[in-house]
Amino acid sequence: MLSIFVRRYCSNRQAILGAVIVGLLLLVALGAPLLTQYDPVYDQDYSAVLASPGGTHIFGTDDLGRDTFTRLVYGSRLTAAAAILPVAFAFCVGVPIGLYSGYKGGFIDQWIITRIVDALQAFPSMVLALALAAMLGGGFMNAMLAIGIGFLPAFIRITRAQVIQIKNLEYVQAARSIGCSDLRIAVVHILPNVMPTLLVQITLAMASAIISEAGLSYIGLGASPEQPSWGSMLRTAQSYLGTQPWVAFFPGLSISIVVLGFNLMGDGLRRALDPKIKD
């Protein structure tokens with residue numbers, strides 16, 4: 001099965017490109033100190049404020065004379081964290097709720113969990129994250145929590161729908177007939193068959209999480225201004241778009257490329273895991 005998945009995934013050039021982009025993001029995040037000699041916060045050169053790209057500052061500098069390349073490199077750490085933390089929270093909380101709701105059904109499923117999910121899904125995830133971040137206060141971790149809560153309805157609903165389709169199949173009934181507990185059936189027999197759909201959702205949610213974090217940081221509800229967040233860099237750059245456009249170009253381009261990478265990887269996973277899609 002693994003070899004078939006690898007073959008189907010690698011036959012998609014766009015999926016390979018997405019995996020390469022995501023892999024480069026992780027490598028840059030892990031090796032940030034090896035890629036630049038500057039500190040992203042404290043190395044401020046007031047004689048080179050808003051310097052154009054070239055020389056010792058290949059991507060130029062910002063309004064405090066900080067090296068833009070350095071802040072992009074270290075900002076990849078916040079971007080990677082923004083992709084992982086909210087989605088991990090939504091997965092770890094939403095999937096068990098969806099498993100229970102879909103497998104057990106009944107009053108709790110129909111009148112409590114489903115109604116709460118419907119209420120949360122009445123708001124776009126970004127709008128919900130914005131409202132929650134405003135309630136929780138600024139800060140990167142509060143923004144991660146807000147984004148994660150915004151993703152919960154999608155993970156609950158997808159898991160619940162998949163469980164409802166699977167729980168009455170013959171192999172599940174066979175496990176039930178030999179005395180397997182409900183917990184074992186849900187975790188051992190049902191969850192592995194739900195995971196392919198969830199893996200696709202995870203990659204797509206990671207792309208959305210990066211955009212949400214950048215948006216929250218841009219309006220001041222995410223990373224603090226001194227942190228090298230790509231969103232906060234765009235917030236600083238908005239005042240100089242007409243005179244020094246490169247200050248906004250590089251963080252904007254970085255966000256676009258990374259989001260594209262996650263989307264391409266997600267589409268590649270969907271095609272590789274879905275047997276109905278031909279190579």
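Contact here means heavy atoms within 4.5 Å. This is a predicted model, in which local features need pLDDT of at least 70, side-chain atom pairs count only at pLDDT 80 or more, and totals for chains, interfaces and linings use all residues. Residues are numbered from 1 along each chain as its sequence is written, and side-chain values use heavy atoms, with hydrogens and water left out.

Figure 1. Helices (H or I, at least four residues) and strands (E, at least two) are DSSP runs, numbered from the N terminus. Along the sequence the pattern reads α-α-α-α-α-α-α-α-α-α-α. The C-alpha trace spans about 75 × 45 × 30 Å along its principal axes. Of the 279 residues, 46% are buried. Buried means under 20% relative accessible area, exposed over 50%, and partly exposed in between (1.4 Å probe, protein chains only). Take the contacts between residues at least 6 apart in sequence: 71% of them join residues at least 24 apart.

**Figure 2. Helix α2 packs with helix α11.** Helix α2 covers residues 13-30, and helix α11 covers residues 246-273. Their angle is about 130 degrees, and their axes lie 7 Å apart. Axes are lines fitted to C-alpha atoms, for helices over the stretch in contact; angles run from 0 to 180 degrees between N-to-C directions. The two helices are therefore oblique to each other. Angles under 35 degrees count as roughly parallel, over 145 as roughly antiparallel, 65 to 115 as roughly perpendicular, and the rest as oblique. The crossing of α2 and α11 is left-handed, that is, the near helix is turned anticlockwise from the far one by less than a right angle.

**Figure 3. Residues that join α2 to α11.** From α2 come Q14, A15, L17, G18, A19, I21, V22 and L25. From α11 come I257, V258, G261, F262, L264, M265 and G268. This contact has 11 nonpolar residues, 4 polar and no charged. Ala, Val, Leu, Ile, Met, Phe, Trp, Tyr, Cys and Pro count as nonpolar, Asp, Glu, Lys and Arg as charged, and the others, Gly among them, as polar.

**Figure 4. T159 in helix α7.** Helix α7 spans residues 140-166. T159 counts as buried because its relative accessibility is 0%. Its side chain reaches the backbone oxygen of F155 at 2.7 Å. Leaving aside neighbours within four places in sequence, T159 touches V95, G98, L99, V194 and L198.

**Figure 5. Q201 in helix α9.** Helix α9 runs over residues 182-218. Q201 has 18% relative accessibility, so Q201 counts as buried. Beyond its neighbours within four places in sequence, Q201 is in contact with A154, F155 and I158.

How values were computed: Polar contact = N/O pair within 3.5 Å; in protein donor to acceptor, adjacent residues only side chain to side chain.
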